[in-house]
Amino acid sequence: MRRLVRFGQIIALPVVLLVIWWFASASSQSLYFPPLSRIAGAFPDTWVAGGSGSRLVTDVLPSLARLAGGFAIAVALGVGAGLLIGSSPALRALTEPILEIFRVIPPPAIVPLLVALAGIDNLIKVLVIVFGCVWPILLNTVAGVRAVDPVLSETARCYGITGPARVRKLILRSASPQIVTGMRQALSLGIILMVVSEMFAASNGLGFTVVQFQRTFAIPEMWTGIIVVGLLGVCLSLAFRFVVRRVLGWYEGLRQAHRQE
């Protein structure tokens, strides 16, 4: 029962907004803001029709593959570099100026450079996602490593827990909540960069499709593409939360225990 109430709370506002949009746009004659009923009517033919040749297969799946690849590489680089930098004050002082410079560069701004270096294939799109996603993961990992309880660190040293075992059982476990926070931020950014990167020199993908609809004045179809991006973001966010609850169940339990004190 509690889950049903929670589910109702989650979907209540989106449903209300859709109802308002439906009736507010019902009599719209604008080319760029068609009625929601017309957009909904265009959705099946635009994304589902065609079976294995539908746009869900030819455009959405390639986009998801690029996002998954870029996000995975960003996690590996961000967590790995964050562990090294966070554990070494000297390395942190050396790299901090460079990190501050690169993290404020908008990823789309490096697209021309990446095109020159990597061409216009899938590699450039993955690299744009990696460049944008790695910074929140790296910086949150550094902050998490620096925040490891010194008492726990000294206790681990006294018990002879060093090397990889110390990293796995103490540092990663202690820093994991902040690492996950960085990953959540990076996932949202990755979806944006996935769409943006596909607007440049692409032949498929969500970003490419939305731009093609806009250029050919297929406005209802363009709106369906925007809705697909939004739904994709919601689904990925829910999946991420599900995984986090399984991986960080101990942390959620600890937070609940502190709230009840």
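A salt bridge here is a side-chain nitrogen of Lys or Arg within 4 Å of a carboxyl oxygen of Asp or Glu. With that cut-off, the side chains of Arg157 and Glu154 form one, at 2.9 Å from N to O. I will come back to that pair after the overall picture.

First, the ground rules. This is a predicted model, where local features need pLDDT of at least 70, side-chain atom pairs count only at pLDDT 80 or more, and totals for chains, interfaces and linings use all residues. Residues are numbered from 1 along each chain as its sequence is written, and side-chain values use heavy atoms, with hydrogens and water left out.

Now the fold. The protein chain has 11 helices and 0 strands; helices (H or I, at least four residues) and strands (E, at least two) are DSSP runs, numbered from the N terminus. The C-alpha trace spans about 70 × 55 × 35 Å along its principal axes. Of the 261 residues, 36% count as buried. Buried means under 20% relative accessible area, exposed over 50%, and partly exposed in between, with a 1.4 Å probe and protein chains only. The chain exposes about 15,400 Å², and carbon and sulfur atoms supply 69% of that area. Accessible areas come from the Shrake-Rupley method with a 1.4 Å probe, and for residues only the protein chains shown count as cover.

Contact means heavy atoms within 4.5 Å. Among contacts with a separation of 6 or more, 73% are between residues 24 or more positions apart.

Back to the salt bridges. The structure holds 4 of them, and I will go through some. Arg157 and Glu154 both lie in helix H7, residues 150-158, and are 3 residues apart, about one turn of the helix. Arg157 is partly exposed at 45% relative accessibility, and Glu154 is partly exposed at 42%.

Glu100 and Arg103 also meet in a salt bridge, at 3.0 Å from N to O. They are 3 residues apart in helix H4, so about one helical turn separates them. Glu100 is partly exposed at 35%, and Arg103 is partly exposed at 38%.

Then there is Arg55 with Asp59, at 4.0 Å from N to O. These two are 4 residues apart in helix H3, again about one helical turn.

Which residues does Thr209 contact, leaving aside its neighbours within four places in sequence? They are Trp47, Arg55 and Asp59. Thr209 lies in helix H9, residues 206-215, and counts as buried because its relative accessibility is 5%. The buried residues of H9 are Leu206, Gly207, Thr209, Val210, Val211 and Phe213. Their cover includes helix H2 (36-48), helix H3 (55-87), helix H8 (163-197) and H10. Phe217 has a positive phi of about 60° although it is not a glycine.

Another loop residue to look at is Pro107, between helix H4 (89-103) and helix H5 (111-118). Is Pro107 buried or exposed? Pro107 is buried, with a relative accessible area of 12%. Not counting residues up to four places away in sequence, Pro107 touches Val128, Phe131, Gly132 and Leu193.

Last, charge. The chain has 22 positive and 11 negative side chains, and the centres of the two sets lie 6 Å apart. Lys and Arg count as positive and Asp and Glu as negative, while His and the chain ends are not counted. The place of a charge is NZ of Lys, CZ of Arg, CG of Asp or CD of Glu.

Arg3, Arg6, Arg184, Arg241, Arg245 and Arg246 form a positive surface patch. Patches are made of residues with over 30% relative accessible area and no salt bridge, with like charges joined within 9 Å and nonpolar side chains (Val, Leu, Ile, Met, Phe, Trp, Tyr) within 5 Å. Helix H1 (2-24) and helix H10 (219-247) each supply at least two of the patch residues, and H10 gives the largest share, 3 residues. Arg6 is in helix H1 and is partly exposed, at 48% relative accessibility.
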